[in-house]
Amino acid sequence: MSLWARVGQTAVLALLLGLSLTVQAKCVVVTGVATLDDKPEAFARQMAIRDALRQATMMSNVKVSSDQRVENYQLQYDRTRFSSQSKVQDYVIVEEGVEPPKFDDLFDENGKEIRDPKEVEKLKLYQVKMEVCLTEDPQACNKTPGNHLQAKLAVAPVVTTDEYAARDIRRLLPGYQQEIMRRLREAGHQNLLQMDTGSVIDARSTVRPNLDRELLEPIRERTGAQYLMLTVVRSLSRSNNDPDVWNDIKRFYNLEVRPNARFIEVETFLVDLVARKQVWQKRHGFNIEGDVTVGRDKPFGTSAFFNTDTGMVFHRLLHEQVSDLYHEVKCKPLTTRIIDIRDDDYVLLLSSESGAKPGDQLAVYRLFGRPVRHQGMALGTDTRPAGFLEIERIQSRFAIAKVVSEDERIEIGDLVKSW
């Protein structure tokens, strides 16, 4: 029997037994480097680790895209982009330390020997040799520093564009929001906040998220959330699919023509409150046939509601909606900020629900320069690494951290990220 036939039989057997085939990890050895250049050694070490992990991910499953422009038979523009779908499954540091400058580095570009000790010191590199194991499993998350932290997700009140069709379902909107919260916690996302008031749904035209800074900034300040989930119930329409002749007979004898079909459609948006942009959108829709009218005596979310034909479909819809959203946010890196500095203590807007614990190290990024604007729109502000913090204490709604290393002075308002 050929190799491919045996592999095929193994796959079929695994499916029949309900087993999952794991993706084989590929391990590589890489060396990451970072120049000292008057930077603290601890800062250069962290940057070298990040350089090694980036190198490793580019050694497997790399996609190359090229853009070229030719004018008058001459190449005027040539741009190539490399991207990888591989993720870090695990890594271990094999060897690390400061590498002294090489002999050729002791001479400048004119061949003149560099005698200034300070200039020679800048040429030193911090090197980290690492063994990194990669996976191409689409469900896996990058196992980079801080990857276990959960970004805070705020769940906004649910809105509907079909209020008239929803009149047979009591407590539809608040009940729907509470079900989302409950199911997200069951799925594993604990860093949640239920918003009681306020929405960023723009109802002036097509119902969609309103990304105005004046609207999103207060929500982020009030909730401390990194992402905002918005749900729009777009359709709850009921109809009767019986033949017209049969319905005419019913009307002739004054019998009620009851709806026996329903179409439910829900649209979900995920908004990044830090970048002030929509990062995910998906629609879920189902057709129902049967006794589709619920009745005001069965409020949304109760066992009586979920035992109806409409309730069973909502159960399936909620399962798919929450599952899709959870897999969208579970691998996203955490971003928060420094809200206060008290002597040597740095106060972070970071709750215990994020999974943070004492000893976790986070990267600090400094916003520098003026905000970038284009055609009246604020596109954001450039950032650069400023240092690293280590969490010392976790309170219910904030964390206290100490500086591990800093390339420049860390200040209130600086962004703090898990990576």
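Reader: What volume does the second largest pocket have?

Author: Happy to start there, with one note: this is a predicted model. The second largest pocket has a volume of about 320 Å³.

Reader: Which residues line the second largest pocket, and which of them lie nearest its centre?

Author: Its lining is made of 17 residues, and Tyr91, Thr144, Pro145, Gly146 and Gln361 are those nearest the centre. The elements giving two or more residues to this lining are α2 (41-57), β4 (87-99) and β16 (361-367). The largest share, four residues, is from α2.

Reader: What classes of residue does the lining of the second largest pocket have?

Author: There are six nonpolar, seven polar and four charged residues in that lining.

Reader: What makes glutamate 179 and arginine 182 a salt bridge?

Author: The closest N and O atoms of glutamate 179 and arginine 182 are 2.9 Å apart. The cut-off for a salt bridge is within 4 Å, so this pair counts as one. Both residues lie in helix α4 (residues 172-187), three residues apart, or about one turn of the helix.

Reader: Why is glutamate 179 called buried?

Author: Glutamate 179 has a relative accessible area of 7%.

Reader: Is glutamate 186 buried or exposed?

Author: Glutamate 186 has a relative accessible area of 59%. Exposed means over 50%, so glutamate 186 is exposed. Salt bridges that share partners also join Glu179, Arg182, Arg183 and Glu186 into one network.

Reader: What makes glutamate 328 and lysine 332 a salt bridge?

Author: Here the closest N and O atoms are 3.5 Å apart. The limit is within 4 Å, so glutamate 328 and lysine 332 qualify too.

Reader: How many salt bridges does the count come to?

Author: The count comes to 26 salt bridges.

Reader: How many cavities of 30 Å³ or more does the structure hold?

Author: The structure holds one. The largest cavity has a volume of about 40 Å³. Among the residues lining the largest cavity are Arg220, Gln226, Val274 and Leu349. Strand β14 (residues 335-342) gives the largest share of this lining, three residues. By class, the lining of the largest cavity has three nonpolar, four polar and two charged residues.

Reader: Stepping back, how many helices and strands are there in the chain?

Author: The chain has eight helices and 21 strands. Of its 419 residues, 38% count as buried. The accessible surface of the chain is about 24400 Å², with 49% of that belonging to carbon and sulfur atoms.

Methods. Residues are numbered from 1 along each chain as its sequence is written. This is a predicted model: local features need pLDDT of at least 70, side-chain atom pairs count only at pLDDT 80 or more; totals for chains, interfaces and linings use all residues. Side-chain values use heavy atoms; hydrogens and water are left out. On a 1 Å grid over the protein atoms alone, a cavity is a set of points where a 1.4 Å probe fits but cannot get out, and a pocket is an open set with protein on both sides within 12 Å along at least five of seven lines; lining residues have an atom within 4 Å of a point. Grid points are joined across faces, edges and corners, and a volume is the space filled by probe spheres set on the points. Ala, Val, Leu, Ile, Met, Phe, Trp, Tyr, Cys and Pro count as nonpolar, Asp, Glu, Lys and Arg as charged, and the others, Gly among them, as polar. A salt bridge is a side-chain nitrogen of Lys or Arg within 4 Å of a carboxyl oxygen of Asp or Glu. Buried means under 20% relative accessible area, exposed over 50%, partly exposed in between (1.4 Å probe, protein chains only). Accessible areas come from the Shrake-Rupley method with a 1.4 Å probe; for residues, only the protein chains shown count as cover.
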